[in-house]
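Have the sequence and the model open as you read.

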Amino acid sequence: MCGISGVVGLKSISNLLFEGVRNLEYRGYDSCGVALMNKTRLIIKKDVGGVEEFYRKHNILQLKSKIGIAHTRWATHGKVTQNNTHPFTSRDGNFALVHNGIISNYRPLKDQLQKEGFKFFSETDTEILAHLLEKFFKRSQNVEQAFVKMLSLIEGTFALAFISSHLPEQIFCAKRESPLMLGIGDEIKFVGSDFNAFIDHTKNAVILDDGEYAILSRDTYVVKNILSKEEVTKPITKIEWDSETSKKEGYPHYMLKEIYEQPQTISNALDMETSELDEIVDWFAKSRNTYFLGVGTSFYVAKYAKYIFSRLAQEFFPSISSDEFMVLANVKKQSLVFAISQSGETFDTLSALKHVKSRGARTVAIVNVMGSSIARLVDKVVLQRSGPEICVISTKTALSQMVILTLLAMKFALKKKIITRKTYNLHLRALRDLPAIIQGILNERSGFIHRLASRYSGNRNWLYLGRGVYYPIALETALKMKEVAYIHAEGMSSGFLKHGTLAMIDDDVFSIVFVPPPEDKVLYEATLHSIEEIRARSGFVLGIHFTPPRKNQDLYSEELILPSMPPLTAPLIHLVTGQLFAYFTATSLKCDIDKPRSLAKSVTVA
Ligand code: M6R
């Protein structure tokens, strides 16, 4: 949800600023802008379009400066226009500011500034901030005091950074409910929305907390509390990720690279210290009512968890989408709320967790990004160690979360003596076999999936169907299709079909059905019934299944046969095939794979 990058160093930083903001582009990519300092004069450039296009068009790398800030935008207030692009400057041109978040009280502040003669050129909530800095500087002649005064007036959420010709060697920044961190190098300092802004240059980060601001110069930095203005001593966080894992490594897109990384991310998840998970299992046992929480893909992972806990541990733990959580969940002191979030920054999930904490209930989360807001908020965090996921569309992180949740359900079932140690070990074997099986699918089946996807890429309507635990897989893989290929894909439990949607079946509505292995007898038979219902209406069915149909040879219009799998891990293989099907459909349609229109990697606004 917008990326902020800032650098102050000894030599020209134009290229570092470019790398920083380019690495953050997955957070938003409607428009881009920079503010650099030429001695004591600010140079501002901004335009609609992506980072590389903007840099090329305006020759930004030719501009030499030892300090600068940059922004890549995901529009919230105001359309995608050059005027609405950050940075925003004060009327006198002495302050240039970039912002991520939403200033909720910007209207009265803007009205007041207009009365005082300030002119506005954008529709954004951000522009007031640059004018407020000018206004308060005029009174105090002190940049820091003007900054703190401005911060004390604004409501809402923000991560922001500015530079000023009054102090041309310093970057000022602050945070409330939108992520912001500092990168600490020798004779160089960075500010960024996340590690990717500076991971190539330093692995030492200082993560700002809500209500803090910082002042950076090339050789020093200070962090202070906005209210008390007192200095805060902050620990240095060592970034574990390797910048190399953030590169495409020859893959045409990050999405494909990240799908191909799944064997490794599953192994990483399974290598996790079991004691980390055992404590959570104790919490499940002690909790009066447990909820799973997440939104988007993470909600579908939560839904998967609901099925897997019901199946393995005979516990019904509702899953609720974060955006609906506060109106639906009945959280008490003895409740446990288990959140799932790749980024650890999603506003809806973070808000729901804050609500849960205010009720005194316990919180746990699986997140991929260390030091993220959710990781720091919850009582216990499971770091999934999937490595950076750059594509806006989640793939490897979702699969890895499902594996961790399966492991937790198995452990809970063992603790409750619902399964024996022997069964537990069999399940564990099935999980440990997964990386090799997925590798086989990637090596041997992806060409076939590619051909199928190209053949049907002209189809504009898909129903994605699955029963039981295959239902969240249908939902998640349909979401992949919508996000990356902009094709209407409706995920549904296949038993639900005959209660209305069956009326849609015609030559233009195609179905994909995720068929369980025949050993999963009840689900398998029920799924075949649904297929028959579609076929009886001459509907097209792409069946993804584990065995060739025994009797009915024309059960499927098209089929994709997978290697035989134990029921526990079969849905996870379906997930991978659905990811690939969406990816290859989108490449056939020449879509922007890693940065689909209108989306952003972490949704840090309400
Ligand atoms: O970072 P999170 O897992 O909390 O993000 C939640 C959703 O915004 C995210 O899963 C979104 O649906 C992705 N675009 C999925 O591909």
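At what angle do the axes of helix H15 and helix H18 cross, and within what distance do they come?

## Helices H15 and H18

This is a predicted model, and in it the axes of H15 (residues 446-455) and H18 (residues 570-588) cross at roughly 50 degrees and come within 8 Å.

Sorted by class, the contact of H15 with H18 has six nonpolar and six polar residues, and no charged ones.

## Helices H3 and H4

Another helix pair is formed by H3 (residues 106-115) and H4 (residues 127-140), which pack at an angle of about 50 degrees with their axes 10 Å apart. That angle makes H3 oblique to H4. Here the crossing is left-handed.

On the H3 side, the contact is made by Tyr-106, Leu-109, Lys-110, Gln-112 and Leu-113, while H4 brings Ile-128, His-131, Leu-132 and Lys-135. By class, the contact of H3 with H4 has five nonpolar, two polar and two charged residues.

Is strand S9 buried or exposed? Five of the five residues of S9 (residues 181-185) are buried, so the strand is largely enclosed by the rest of the structure. In a regular strand, side chains alternate between the two faces of the sheet. In S9, Met-181, Gly-183 and Gly-185 point one way, and Leu-182 and Ile-184 point the other way.

S9 pairs with S10 (residues 188-192) in the antiparallel sense over five bridges, with Gly-183 standing opposite Phe-190. These two strands form a hairpin with two residues between them, and Glu-187 in the turn has a positive phi of about 55 degrees. S9 is also joined by three bridges to S11 (residues 204-207), again running antiparallel; there, Leu-182 has Val-206 as its bridge partner.

## Asp-520

Last stop: which residues does Asp-520 touch? Asp-520 is found in the loop between strand S22 (509-514) and helix H17 (521-535). Its relative accessible area is 10%, so Asp-520 is buried. Leaving aside residues up to four places away in sequence, Asp-520 touches Arg-311, Tyr-470 and Pro-567.

Conventions: Residues are numbered from 1 along each chain as its sequence is written. This is a predicted model: local features need pLDDT of at least 70, side-chain atom pairs count only at pLDDT 80 or more; totals for chains, interfaces and linings use all residues. Side-chain values use heavy atoms; hydrogens and water are left out. Buried means under 20% relative accessible area, exposed over 50%, partly exposed in between (1.4 Å probe, protein chains only). Helices (H or I, at least four residues) and strands (E, at least two) are DSSP runs, numbered from the N terminus. Two strands pair if DSSP finds at least two bridges between them. Axes are lines fitted to C-alpha atoms, for helices over the stretch in contact, and angles run from 0 to 180 degrees between N-to-C directions. Angles under 35 degrees count as roughly parallel, over 145 as roughly antiparallel, 65 to 115 as roughly perpendicular and the rest as oblique. A crossing is left-handed if the near helix is turned anticlockwise from the far one by less than a right angle, and right-handed if clockwise. Contact means heavy atoms within 4.5 Å. Ala, Val, Leu, Ile, Met, Phe, Trp, Tyr, Cys and Pro count as nonpolar, Asp, Glu, Lys and Arg as charged, and the others, Gly among them, as polar.
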